[in-house]
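This briefing walks through the helices, the aromatic contacts and the nonpolar core of one model. Please keep the sequence and the coordinates at hand while reading.

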Amino acid sequence: MNVRLIEPAIEEGSYCWLVELGTRRVGVDAQAGWCMRIDDRVVMLDAESKLMPLGPLLGVPQAEFSAFLQRAADALPLWAQRVRAFPKEALLKHIFHTSHSSYWPERALDWLAADQELWPQFRDELEAFSTNKVMPQAARQHAKRILRETESH
């Protein structure tokens, strides 16, 4: 799926659209936070189970996406608080909890590796991932390294 980071963001009424995922737009609602427009309806991304469509964002390097969000927040002061509240932890947890192949979990692991502040919240997921024989050995070892680092702090 094509992922396009929208710069400058598209302000549309109470919405500010920041990302295109194919035909869907992802952004923030002025009152309720992150949301996705699917056809003519808007779905609030307020629960881990609703984040599945955001998986393709993990194809964008974490540092690039974080820098994009920072630029958007800087350019849009009225939206900045909502933009900075991207549900990264919930997205990564959803991927770790629901994926049956290694593709998305490996990308989630890359994003997690780049954000040490989140590591303590992912002990259970890293433990499960590191012992899941379906996942490639190198990825399991990567998860074990992060887990060891988390436990040593």
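A residue is called buried when its relative accessible area is under 20%, exposed when that area is over 50% and partly exposed in between, computed with a 1.4 Å probe on protein chains only. By that criterion Phe-65 is buried, because its relative accessible area is 1%. This is a predicted model, in which local features need pLDDT of at least 70 and side-chain atom pairs count only at pLDDT 80 or more, while totals for chains, interfaces and linings use all residues. Residues are numbered from 1 along each chain as its sequence is written, and side-chain values use heavy atoms, with hydrogens and water left out.

**Helix H1**

- Helix H1 spans residues 62–75, and its 14 residues reach 20 Å from the first C-alpha to the last, close to the 20 Å expected at 1.5 Å a residue; helices (H or I, at least four residues) and strands (E, at least two) are DSSP runs numbered from the N terminus, and the expected span is 1.5 Å times one less than the number of residues.
- The buried residues in H1 are Gln-62, Phe-65, Phe-68, Leu-69, Ala-72 and Ala-73.
- These residues lie on the same side of H1, because they cover an arc of only 135 degrees around the axis, the arc being that of the directions from the helix axis to the C-beta atoms.
- On the face of H1 turned away from this buried side are the exposed residues Ala-63, Asp-74 and Ala-75.
- The cover over the buried residues of H1 includes strands S1 (3–12), S2 (15–21) and S4 (33–38), together with helices H2 (80–84), H3 (88–98) and H4 (103–113), where contact means heavy atoms within 4.5 Å.

**Aromatic pairs and charges over rings**

- A search of the whole structure finds 8 aromatic pairs, a pair being rings of Phe, Tyr and Trp (its six-membered ring) whose centres lie within 6.5 Å, with planes under 30 degrees apart counted as stacked, over 60 as edge-to-face and the rest as tilted.
- One of these pairs joins Phe-65 and Phe-68 in a tilted arrangement, at 6.1 Å centre to centre and with 40 degrees between the planes; both residues lie in helix H1, 3 residues apart, which is about one turn of the helix.
- Phe-65 also pairs with Phe-86, and this pair is edge-to-face because the ring centres are 5.0 Å apart and the planes stand at 65 degrees.
- Phe-86 counts as buried because its relative accessibility is 10%.
- One aromatic cluster is formed by Trp-34, Phe-65, Phe-68, Phe-86 and Trp-111.
- Arg-37 lies over the face of Trp-17 at 5.3 Å from the ring centre, and Arg-107 lies over the face of Tyr-103 at 3.7 Å from the ring centre; a charge sits over a ring if NZ of Lys or CZ of Arg is within 6 Å of the ring centre and within 35 degrees of the ring normal.

**The nonpolar core**

- The largest nonpolar core has 45 residues, and those with the most contacts inside it are Leu-18, Val-19, Leu-54, Phe-65 and Phe-86; such a core is a set of buried Ala, Val, Leu, Ile, Met, Phe, Trp, Tyr and Cys residues joined through side-chain atoms within 4.5 Å.
- H1 gives the most to this core, with 5 residues.
- Not counting residues up to four places away in sequence, Phe-65 touches Leu-5, Val-19, Leu-57, Val-60, Phe-86 and Trp-111.

- Lys-88 counts as buried at 14% relative accessibility and, leaving aside its neighbours within four places in sequence, is in contact with Gln-62, Ser-66, Trp-111, Asp-115 and Leu-118.
- Glu-125 has its place in helix H5 and is buried, with a relative accessible area of 9%; not counting residues up to four places away in sequence, Glu-125 touches Lys-93, Phe-96 and His-97.

**Helix H6**

- The buried residues of H6 are Ala-139, Arg-140, Ala-143, Ile-146, Leu-147 and Thr-150, and they line one face of the helix because they fall within an arc of 120 degrees when seen down its axis.
- The buried residues of H6 pack against H4 and H5, whereas the face turned away from them carries the exposed residues Ala-138, Arg-148 and Ser-152.
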